[in-house]
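Welcome! Please take a moment to look over the sequence and the 3D view before reading on.

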Amino acid sequence: MSEENFIANNFTNLPDTTSYTWSSPSNIALVKYWGKNQNQTPKNTSISFTLSNSRTITILELNKRNKVDNNILFDVYYKGKKMDEFKSKIELFFRNILKYCSYLKEYSFKITTENTFPHSSGIASSASGMSALALCIMSLEKDLDCSMKEDFFYKKASFLSRIGSGSACRSILGGINLWGKHVDIEQSTDLYSIKYPFDICKDFLDYNDTILLVDTEPKQVSSSEGHKLMKNHIYAEERYKIAQKNVTKLKSILKNGNLHSFTSLIEQEAMMLHALMMTSNPSYVLIKPNTLKIINSIKSFRETTKIPVCFTLDAGANVHVLYPKEGENEVKLFIESELKEYCKNNSFILDKVGTGAVQL
Ligand code: PMV
């Protein structure tokens with residue numbers, strides 16, 4: 001599919017008012033997306049687990065406008081409170097998708113949104129938030145175009161989400177998702193994410209992810225700034241090659257279920273992401289002393305118990321603890337007794353691989 005395939009027809013059957021609600025999950029990357037092209041396509045392929053409990057629920061209400069001009073008219077509410085600080089990112093999103101959804105020009109909008117995780121938890125809500133909004137828009141488009149197939153609905157929802165926030169394109173479908181062209185994966189594309197198309201050992205279908213909230217302050221550097229720093233980064237080209245190789249390595253790990261190889265690959269990816277930030281110009285250190293304490297604790301727990309628990313990181317200080325169902329009670333006890341104390345207000349979120357976005 002090319003970008004042109006996503007340009008909607010000029011519809012004449014627009015309803016005066018309508019409303020849609022979607023609940024969309026966050027996701028955690030196993031092979032990280034870090035570095036992008038101008039049109040928000042990725043420099044390398046990424047693979048992620050879709051989460052279950054960390055979600056955004058968004059209601060999009062649309063009202064037909066009397067007069068159509070270039071202004072985008074909308075208000076955003078978070079848990080009932082008007083949030084003008086969210087507007088610039090959403091306005092940019094609307095402007096960037098108008099080419100593909102020209103019917104949106106005819107409407108003004110009210111967006112009401114809330115996360116199931118604390119708003120100031122340091123967990124990026126852009127993936128769940130942008131995908132929930134994109135899905136609401138696609139529900140309108142589906143009502144306008146009755147012939148739309150389900151496959152196209154989800155592809156375009158992922159395509160629009162990507163324009164809002166790159167990693168958001170991996171939050172539509174459940175299980176494991178893959179985004180970005182890879183020479184060995186025919187169906188892969190930079191335009192949208194696909195459901196991971198190969199065999200997956202059953203251990204990975206219900207993998208646990210406990211998110212340890214180490215730092216709940218806003219990030220020092222946004223991920224869009226971070227991606228920009230890859231432009232002239234001394235290690236950029238090498239990183240993109242390694243990421244492509246790690247996708248190939250992860251493909252055989254996901255099939256054969258070698259959890260010890262999984263832990264080393266996942267931790268290498270997390271550390272590489274932060275090594276890239278620490279060696280960019282300007283450089284950033286986003287991990288905190290407690291992040292390191294947790295990492296070391298996880299490594300020694302794994303060494304002693306042989307339970308294949310590992311960590312991964314986003315562009316921040318919080319730690320995602322990944323572990324299989326087998327041995328989960330021991331890991332949960334370990335989190336309670338040893339890791340919780342390194343978290344802000346002892347707080348963490350129990351999450352796991354989930355089934356994807358749902359319309360409410
Ligand atoms: O989608 P963005 O622009 O917020 O970038 C996300 C980047 C990472 O979360 C660090 C990695 C990833 O692949 O999700």
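The notes below cover the ligand site, the cavities and the salt bridges.

This is a predicted model, in which local features need pLDDT of at least 70, side-chain atom pairs count only at pLDDT 80 or more, and totals for chains, interfaces and linings use all residues. Residues are numbered from 1 along each chain as its sequence is written, and side-chain values use heavy atoms, with hydrogens and water left out.

**The ligand and its surroundings**

- There are 13 residues around the ligand, and Tyr33, Ser167, Arg170, Ser223 and His227 come nearest; a residue counts as near if one of its heavy atoms lies within 4 Å.
- That shell has five nonpolar, five polar and three charged residues. Here Ala, Val, Leu, Ile, Met, Phe, Trp, Tyr, Cys and Pro count as nonpolar, Asp, Glu, Lys and Arg as charged, and the others, Gly among them, as polar.
- In the side chain of Ser223, an N or O atom is 2.7 Å from an oxygen atom of the ligand.
- Tyr33 uses its backbone instead: an N or O atom there lies 2.9 Å from an oxygen atom of the ligand.
- For His227, a polar side-chain atom lies 3.0 Å from an oxygen atom of the ligand.
- The protein buries 92% of the 380 Å² that the ligand exposes when taken alone (areas by the Shrake-Rupley method with a 1.4 Å probe).

**Cavities inside the protein**

- Rolling a probe the size of a water molecule over the atoms shows where empty space is left.
- The structure holds two cavities of 30 Å³ or more. A cavity is a set of points, on a 1 Å grid over the protein atoms alone, where a 1.4 Å probe fits but cannot get out, and lining residues have an atom within 4 Å of a point. Its volume is the space filled by probe spheres set on the points.
- The largest cavity holds about 70 Å³ of space. Its lining has 13 residues, with Trp34, Gly226, Leu229, Met277 and Tyr284 nearest its centre, and divides into nine nonpolar, four polar and no charged.
- The second largest cavity has a volume of about 30 Å³, and Tyr154, Ser158, Cys169, Ile172, Leu173, Asn177 and Ser193 line it.

**Salt bridges**

- The whole structure has 17 salt bridges, each a side-chain nitrogen of Lys or Arg within 4 Å of a carboxyl oxygen of Asp or Glu.
- One of them joins Lys67 and Asp69, whose closest N and O atoms are 3.3 Å apart.
- Another links the side chains of Arg95 and Glu91 at 3.0 Å, N to O.

Methods. Polar contact = N/O pair within 3.5 Å; in protein donor to acceptor, adjacent residues only side chain to side chain. 1 Å grid on protein atoms, 1.4 Å probe; cavity = no way out; pocket = protein on both sides within 12 Å on 5 of 7 lines; lining within 4 Å.
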